[in-house]
Amino acid sequence: MGSPTVPPAPPRSAPPFEHQRRGPEVGRVLVLNATYEPINVCTVRRAIVLLLKDKAEVIEHGEWRLHSATATIARPVVIRLVSYVHIPRDAHRRKITRRAVFARDDWMCQYCGSRSNLTVDHVVPRSKGGASSWENIVASCAPCNRRKGNTLLRQAGMKLIKEPRTPSPHVFIHVASPTIPAAWRSYFAA
Ligand SMILES: [Zn+2]
């Protein structure tokens with residue numbers, strides 16, 4: 001387990017690939033669709049499997065290398081899938097988490113713009129038949145959540161800053177990797 005006394009050269013017998021610890025982004029690889037659109041984050045191990053099966057190509061690699069008994073491979077940082085993968089808009093519906101809702105809403109209450117005391121709120125309350133869907137869940141500060149209570153927006157005299165929608169894959173990449181490594185940044189459109 002990552003002891004500092006381990007010598008820098010990995011033992012020849014160590015299977016399959018040793019990799020050194022290099023900061024919090026270690027082990028994460030940005031996956032681009034065939035169109036270069038970022039779609040996912042995966043582990044180095046998973047990336048290597050995709051590369052060895054020719055399902056992906058390396059777009060950016062790290063300065064250090066991964067060693068096995070028989071091969072040396074540059075540590076992948078960004079890979080691109082060889083075949084286009086269709087991402088259905090509702091592929092992410094199952095992954096409604098607080099973090100993902102906050103990330104989509106830019107960590108901002110969708111009623112007043114506050115960035116503190118964030119909670120999640122059902123726009124149409126569940127008690128009034130509101131669904132637990134991306135279109136009906138927003139980030140809300142605790143005071144707005146209390147003020148709105150179990151009423152509809154109209155009744156509470158409140159408005160949404162923007163219409164809630166299913167987020168793009170970028171949101172999930174940010175959730176999986178809160179700090180985006182510098183080598184990934186050029187793949188995200190501003
Ligand atoms: Zn608020």
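**Close-up views of a predicted model**

**Figure 1. The largest nonpolar core of the predicted model.** This core has 28 residues, and those with the most contacts inside it are Val29, Leu30, Val31, Leu32, Val78, Ile79 and Cys109. Two or more residues come from each of S1, S2, H1, S4, H2, strand S6 (137–141) and H5. At least three residues of the core are drawn from domain 1 (22–87 + 170–185), and at least three from domain 2 (91–156). For Val29, the contacts beyond four places in sequence are Val41, Cys42, Thr43, Val44, Ala47, Pro76, Val77, Val78 and Ile79.

**Figure 2. The four-stranded open sheet.** The strands are arranged in the order S2-S1-S4-S3, and their pairing is mixed. Strand S2 (38–43) and strand S3 (56–67) are the edge strands, each of which pairs on one side only. From one strand to the next, the twist averages 30°. Strands of a sheet pair through backbone hydrogen bonds, in either a parallel or an antiparallel sense.

**Figure 3. The hairpin of S3 and S4.** Four residues lie between the two strands of this hairpin. S3 and strand S4 (residues 72–81) pair in the antiparallel sense, and eight bridges join them. One of the bridge partners in S4 is Leu81, which is paired with Ala56.

**Figure 4. Helix H1 against the sheet strands.** Helix H1 (residues 44–52) lies across strand S1 (28–32), S2, S3 and S4. Relative to S4, helix H1 runs at about 85°. Helix H1 is also among the elements that give two or more residues to the largest nonpolar core.

**Figure 5. The buried residues of helix H5 and their cover.** Within helix H5 (residues 169–176), the buried residues are Val171, Phe172 and Ile173. Their cover includes S2 and helix H2 (98–104). H5, S2 and H2 each give two or more residues to the largest nonpolar core.

Figure 6. Asn40 is partly exposed because 18 other C-beta atoms lie within 10 Å, whereas a buried residue has 20 or more. Leaving out residues up to four places away in sequence, Asn40 touches Val31, Pro169 and Ile173. One of these, Ile173, is a buried residue of helix H5. Asn40 and His170 are 130 residues apart in sequence, while their C-alpha atoms are 7.9 Å apart in space.

**Figure 7. The protein chain and the confidence of its prediction.** Six helices and six strands make up the secondary structure of the protein chain. From the N terminus on, these elements run β-β-α-β-β-α-β-β-α-α-α-α. Of the 190 residues in the chain, 21% are buried. Among contacts with a separation of 6 or more, 65% join residues 24 or more positions apart. The mean pLDDT of the chain is 83, and 82% of the residues reach 70 or more. Over residues 1–25, pLDDT stays under 50, and the model has 24 contacts beyond four places in sequence for this segment. Where pLDDT is low, the predicted coordinates should not be read in detail.

Note on methods:
Residues are numbered from 1 along each chain as its sequence is written. This is a predicted model: local features need pLDDT of at least 70, side-chain atom pairs count only at pLDDT 80 or more; totals for chains, interfaces and linings use all residues. Two strands pair if DSSP finds at least two bridges between them. Axes are lines fitted to C-alpha atoms, for helices over the stretch in contact, and angles run from 0 to 180 degrees between N-to-C directions. Two residues are in contact if their C-beta atoms, placed from the backbone, lie within 7 Å. A residue is buried if 20 or more other C-beta atoms lie within 10 Å of its own, exposed if 12 or fewer, and partly exposed in between; C-beta atoms are placed from the backbone. pLDDT is the predictor's confidence in each residue, from 0 to 100. A nonpolar core is a set of buried Ala, Val, Leu, Ile, Met, Phe, Trp, Tyr and Cys residues joined through C-beta atoms within 7 Å. Domain bounds come from an automatic or database domain assignment.
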